Amino acid sequence: MQDLGIRVLIEGNNLYRLMGGLLITIRIAIISAIISILFGIPFGIVMTSKNKLVRFVCRTYLEAVRIIPVMVWLFIFYFGVPKLTGIHIAGDVVSVIVFSIWGTAEMGDLVRGAVTSLPKHQKESGKAIGLTNLQIYSYIIIPQSIRRLLPGTINLVTRMIKTTSLVVLIGVVEVLKVGQQVIESFVLQSPSASFWVYGFIFFLYFIICYPISLFARKLELRWKE
Amino acid sequence: MALLEVIGLNKYFDGFHVLKDISFSVEKGEVVVILGPSGSGKSTLLRCINGLEEIQSGQIKLNGEVINEDSTKWHLIRQKIGMVFQSYDLFPHMTVFENILLGPLKAQKRDKKEVARQAEELLNRVGLLDRKNFYPRQLSGGQRQRVAIVRALCMNPELMLFDEVTASLDPEMVREVLDVMLELAKEGMTMIIVTHEMEFAKAVADRIIFLDGGEITEVAGAQEFFTDPKTERAKNFLNIFNFKEYKKGVDNNEKI
Amino acid sequence: MDIGFILEISSLYLEAAKFTLKLASIGIILSLLIGLFCSLVNYYKVKFLKKIVNWYIELSRNTPLLIQLFFLYYGLPKVGIKLGAFTCAVIGLAFLGGSYMAEAFRGGLEAVSKAQIEAGLSIGLTKAQVTRYIIFPQALAVSIPSIGANAIFIIKETSIVSAISLKDLMFVTKDIIGIYYKTNEALLMLVVAYLIILLPLSLLLTYIERRLRYAGFGN
C-alpha cells in the first residue's frame with residue numbers, strides 16, 4: 001500500500017479531529033488565563049503592601065509556585081490530591097487549577113512590577129489632592145500600570161498556551177493525544193504519519209503563539225517611546 | 001608645520017549638513033577653545049578629529065600626514081590623540097588603576113612597570129593616588145573626570161581633545177577638573193577644548209574658534225574675542241552669559 | 001507516610017536526580033553556546049546568518065518543548081532520522097534554551113553603552129580589543145541574572161522528558177505510583193528532589209543579582 005504522506009492530515013475526518021483536540025488545549029489555556037488575570041491583579045496589589053507579613057506570605061506563595069516545575073504540580077494535583085482527599089478530579093479540571101495557581105502567581109508578580117515601577121510621587125500627588133486609596137488605585141495607579149503590564153501579560157498567555165501541551169501527560173485528550181490516536185489508526189495506510197502529525201501540531205502551536213508574541217513585542221516597542 | 005590641520009571638512013548627518021567647510025590648524029603647544037551655541041557642531045567636530053564620526057569630504061592631517069583615509073588605522077592614530085568625554089565613561093568593571101593601564105598595556109604594548117610608575121605619578125598630580133584601587137562607582141563626578149583625563153594622558157598623546165568635560169559635574173566639582181586642565185596647558189600640552197565655561201576659556205585659550213550653525217564664523221585670540229567680538233553672532237552668544245542688565249525689582253519685561 | 005519505604009526508594013531518586021542534572025547540564029552548556037552565537041550574529045548584524053538566527057529564535061520561543069520532543073523522537077525516524085531518546089532530549093533542550101540564552105546575552109550586549117565603546121576606541125584599542133576588554137565583561141555581568149534564571153528554567157523543563165521514556169525524576173515517580181501505589185511518598189520525594197536541586201541555585205541567583213545591582217554595570 002502506498003504511504004499517504006502529508007495527506008494523512010486530511011484523510012477521513014482527521015483534520016477535524018485534530019482541530020477538536022486543539023480547541024480543548026486552547027480552552028484550558030484561555031480559562032486558566034482569565035482566572036489568572038482576575039486573581040493576579042488583586043494578588044499583585046496585595047504584594048505591594050507595606051505589611052511585612054503580608055509581603056512574606058505572598059512572596060512564599062510566588063516562589064513556591066515558581067521553583068517547582070509545572071509538571072510536578074500537575075502530578076501533585078492529579079495523583080496526590082485524590083489520594084489524600086479521596087476525591088478524583090478530572091485531568092482537564094486539574095490542569096485549569098494548576099495553571100490558575102501558577103498563572104495567578106506570575107500575573108501577580110507582573111502587576112507588582114508594574115505598580116512599583118510607577119514613580120512614587122504619582123501616589124503622593126493623588127493623596128495630596130485628597131483621593132482615597134481606592135480612588136488613587138482606580139484613577140491613577142491602575143490606568144498607568146496597564147501600559148506597563150500588557151506586554152508581559154500577553155507573553156504570559158503564550159507561555160500558558162505552550163505549557164498546556166503538558167496536560168496530555170495527565171491523561172487529558174487534547175491535540176497531542178488526538179494526534180497519537182490518528183497515528184495509531186492510520187499505522188497501516190500511513191507509516192510516516194507520526195512525522196506529519198507531530199510536525200503539523202508543532203506548526204499549529206507556532207501559528208497560534210507567534211502572532212501573539214509578535215503583537216506583545218510591537219506593543220512593547222511602541223510604548224517604550 | 002602645524003600639529004593638526006583640518007582642511008575643508010564637511011560632515012552630513014541624515015542629510016543634514018552639520019559641519020560646513022571647516023578649516024583650521026593647531027600648532028604644537030597651542031590651546032584652542034571651540035565656543036558656540038549648542039547644536040552648532042562643536043562636539044561633532046572633536047569626534048571627527050578622533051575618527052569617531054566619518055566625514056564626507058575634506059582632510060585631517062596630524063603632523064602633516066592625512067589621517068582620514070580608508071586605509072587609516074584609527075586605533076594607531078587615537079594613541080596619539082587623547083580624548084576626554086562629558087560623561088567620563090570610565091570602565092565600570094575596572095578599578096581606577098586598571099582603567100588607566102588598559103590602553104598603554106593593550107594598545108601600546110608598553111612595559112607594565114614603566115606604565116604603572118607613570119600612572120601613579122599622574123594620579124598623584126591630580127591628587128587621586130590614594131584612589132587607585134577604587135572602582136569608578138566609588139568616586140565623585142569630579143574625581144571620575146580627573147581619572148578620565150589621566151587615562152588619556154597616560155598614553156602620552158600629542159594632542160588632547162576635551163568635549164565639555166565639566167558639563168555633567170556639580171558646580172563645586174567643576175573647579176578641580178579645570179585646574180588640572182590649566183596645569184596641563186601651562187606645561188605646554190596641545191589641546192582642543194569644547195566648553196561652556198567662559199571664564200575658563202578666557203584664561204586657558206590661546207585662540208578661540210567660534211562655531212555657529214556648523215560654520216566657523218570667527219577666529220580670534222582669547223582677549224580679543226571676549227572684549228571685541230567681530231561678528232554679530234558672537235556678540236549675541238556672549239550676551240547670553242551676561243546678567244549685568246538684570247536688576248532685581250526693575251521691570252525687565254521689555255528685554256524678555 | 002511510610003518512612004521505611006521512603007528510605008528504600010531514595011536510591012532510585014538519587015539516580016534519577018543525577019540523570020536529571022546530567023541532562024540539564026548538557027542542555028545548559030549547549031544553550032549557552034547557541035545563545036552566544038545567536039546574540040553575536042545579531043549584535044554584529046551578520047547579514048544572511050541573522051535571518052536564520054531570528055527564524056530559529058521565533059520557532060524555538062513559540063513552540064512547546066513537549067511537541068518538539070515528540071516530533072524529534074517519534075516523527076523523525078519515519079523519514080529516516082533515528083535519534084536516541086537522550087539525544088532527542090538534549091537537542092530539544094538546547095533548541096529551546098538557546099533562544100532564551102540568546103535573549104539574555106542580547107540584553108547584556110545592549111546594556112553596554114555606545115559611550116563605553118567609544119571610550120575604549122579613544123584610548124587606541126582595536127575593535128577586537130574593545131570587544132574583549134570592554135563589551136564582553138560588562139555584557140556578561142548584566143546577563144548573569146538572566147543566564148541563571150534560564151538555567152533554572154532549563155532544569156525545570158527537563159521534567160517532561162519522561163514522555164519519551166527517559167528515566168528522570170518524573171519517570172521514577174510515575175513508576176513508583178504505578179507499581180506500589182505509594183502516591184504520597186513518591187510525590188514527597190519528587191518535590192524534595194527538585195527542591196534540593198533548585199533551591200540552592202535560586203538562592204545563589206538572588207544573591208548574585210543583589211551583588212551585581214550594587215556594582216551597577218551597564219545603563
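At what angle do helix α1 and helix α7 of chain A pack, and how far apart are their axes? In this predicted model, helix α1 (residues 14–47) and helix α7 (residues 175–185) of chain A pack at an angle of about 155°, with their axes 7 Å apart. Here axes are lines fitted to C-alpha atoms, for helices over the stretch in contact, and angles run from 0 to 180 degrees between N-to-C directions. That makes α1(A) roughly antiparallel to α7(A), given that angles under 35 degrees count as roughly parallel, over 145 as roughly antiparallel, 65 to 115 as roughly perpendicular and the rest as oblique. From α1(A), the contact (heavy atoms within 4.5 Å) takes in A:Asn14, A:Arg17, A:Leu18, A:Gly21, A:Leu22 and A:Thr25, and these meet A:Val175, A:Val178, A:Gly179, A:Gln181, A:Val182 and A:Ser185 of α7(A).

A word on the ground rules: this is a predicted model, so local features need pLDDT of at least 70 and side-chain atom pairs count only at pLDDT 80 or more, while totals for chains, interfaces and linings use all residues. Residues are numbered from 1 along each chain as its sequence is written, chains are lettered from A and ligands numbered from 1 in the order in which they are written, and side-chain values use heavy atoms, with hydrogens and water left out.

Next comes chain C. Chain C has 8 helices and 0 strands, where helices (H or I, at least four residues) and strands (E, at least two) are DSSP runs, numbered from the N terminus. The C-alpha atoms of chain C fill a box of roughly 70 × 50 × 20 Å along the principal axes.

Of the 2 pairs of chains in contact, A and C share the most contacts. Their contact draws 37 residues from chain C and 33 residues from chain A. Together they bury about 3300 Å², with 78% of that coming from carbon and sulfur atoms; buried area is the accessible area (1.4 Å probe) that two parts lose on being put together, summed over both. C:Asn62, C:Ile67 and C:Phe70 supply 18% of what chain C buries against chain A, more than any other three residues. There is 1 salt bridge between chain C and chain A, formed by A:Arg217 and C:Glu58 with the closest N and O atoms 2.9 Å apart. (A salt bridge is a side-chain nitrogen of Lys or Arg within 4 Å of a carboxyl oxygen of Asp or Glu.) On the side of chain C that touches chain A, α8(C) gives the most, with 10 residues.

What about chain B? No contact joins chain A and chain B, and their closest C-alpha atoms lie 21 Å apart. Chain C does touch chain B, with 20 residues from chain C and 24 residues from chain B. The area buried between chain C and chain B is about 1900 Å², and carbon and sulfur atoms give 63% of it. C:Ser122, C:Ile123 and C:Tyr133 supply 30% of the area that chain C buries there, more than any other three residues. This interface also has 1 salt bridge, in which the side chains of C:Glu118 and B:Arg47 meet at 2.5 Å, N to O. Two or more residues on this side of chain C come from each of α5 (114–122), α6 (127–157) and α8 of chain C, and α5(C) has the largest share, 8 residues.
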